[in-house]
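Welcome to the tour! Open your viewer, switch to a cartoon view and get ready to select residues as we go.

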Amino acid sequence: MNLTIENLNKTYSNGVQALKNVSLTINKGMFGLLGQNGAGKSTLMRTIATLQDPDSGTIRFDDIDVGRQPDKLREVLGYLPQEFGVYPTVTATELLMHIADMKGIVNASERKMQVEALLEKVNLWDVRNKKLGGYSGGMKQRFGIAQALLGEPKLIIVDEPTAGLDPMERNRFYNLLSEIGENTVVILSTHIVEDVSTLCSQMAIIGKGEVLLTGTPDDVEAALQGRLWEKPIEKHELVKYENQMNVISSRFHLGKLMITVIADDLPDGNFWSKAPTLEDAYFNVLSKKKIAVGA
């Protein structure tokens, strides 16, 4: 089970090049696509999901040429977009039954069995007859996963699924996604580093439409081992350090501004070594490409 993307390009009518020669190979399991808002993640997700065509390049899923056989891909695809609407006056059961029918699950007993099993899986069984307009944000996201899983898809795309969820709902979502990723190709598009470090065995960082780095989260972190240093500074000193050193990030801790610097040797005696995290690696990649954090 394999998704192969080669030299994908997309430029919108306003001149924005959203994808620049994107190439990725994604195997079974959870794959994290990490990037800031506007990095090109959603454009790539929509293109894979056959909702828009690239200007050039190819996408293959196993033996399916996605550009030439979009209907074949849709038969094996589950998709949870970044923003999706629900009919507020119908129940979860009613809407899932309707979506299952549209997905081609025509046998009534099979449709009922799948819907009920999914409502159990996403922990919505107790509210299955509640109108969707009364669902919380986390409940709507779990409903979104349920509709994406209808028809037992082989490729699942979830775009920014945990944005706006509280910590408890996010943990529920992590557990659900990790279970799903055992037997399918799951692409998780997110700007939240924790999503990738928690769930994904493979990842890519994307910025300004380009793939900037690929690998496993562990390998990406390990590449910075012994090269990260941090120390507290006064806020007015930040520009000085940015001019003198390779500052990849700054954060406040107990009221002090902490800077993280990448260097082969100890910058000065007031710094101490920092164990690398995926967030450090992410900031380092963005820094190299001169992409401002939070831009």
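Which residues in α5 meet which residues in α6? Select Gly-138, Met-139, Gln-141, Arg-142, Ile-145 and Leu-149 in α5; they meet Glu-169, Arg-172, Phe-173, Leu-176, Leu-177 and Ile-180 in α6. The residues of this contact divide into seven nonpolar, two polar and three charged. Here Ala, Val, Leu, Ile, Met, Phe, Trp, Tyr, Cys and Pro count as nonpolar, Asp, Glu, Lys and Arg as charged, and the others, Gly among them, as polar. Contact means heavy atoms within 4.5 Å.

Before moving on, a word about what you are looking at. This is a predicted model, in which local features need pLDDT of at least 70 and side-chain atom pairs count only at pLDDT 80 or more, while totals for chains, interfaces and linings use all residues. Residues are numbered from 1 along each chain as its sequence is written, and side-chain values use heavy atoms, with hydrogens and water left out.

Now show the whole of α5 (residues 137-149) and α6 (residues 167-180): their axes come within 10 Å and cross at roughly 10°. The two helices are therefore roughly parallel to each other, a label for angles under 35 degrees. Axes are lines fitted to C-alpha atoms, for helices over the stretch in contact, with angles from 0 to 180 degrees between N-to-C directions. Helices (H or I, at least four residues) and strands (E, at least two) are DSSP runs, numbered from the N terminus.

Next, find the open antiparallel sheet of four strands, ordered β2-β1-β4-β5. Its edge strands, β2 (17-27) and β5 (64-65), each pair on one side only. Two strands pair if DSSP finds at least two bridges between them. Select Phe-61 and you will see Ile-64 of β5 opposite.

Move on to Thr-216, in the loop between β10 (210-215) and α8 (217-222). A polar atom of the Thr-216 side chain lies 3.0 Å from the backbone nitrogen of Asp-219. Leaving aside residues up to four places away in sequence, Thr-216 touches Ser-201, Gln-202 and Met-203.

Our last stop is another open antiparallel sheet of four strands, in the order β12-β13-β11-β14. At its edges, β12 (247-253) and β14 (272-273) each pair on one side only. Which residue of β14 is the bridge partner of Glu-230? Select Trp-272 to see that partner. Finally, show helix α10 (residues 278-288), which lies across β11, β12 and β13 (256-262) and runs at about 130° to β12.

Key
Polar contact = N/O pair within 3.5 Å; in protein donor to acceptor, adjacent residues only side chain to side chain. Parallel < 35°, antiparallel > 145°, perpendicular 65-115°, else oblique.
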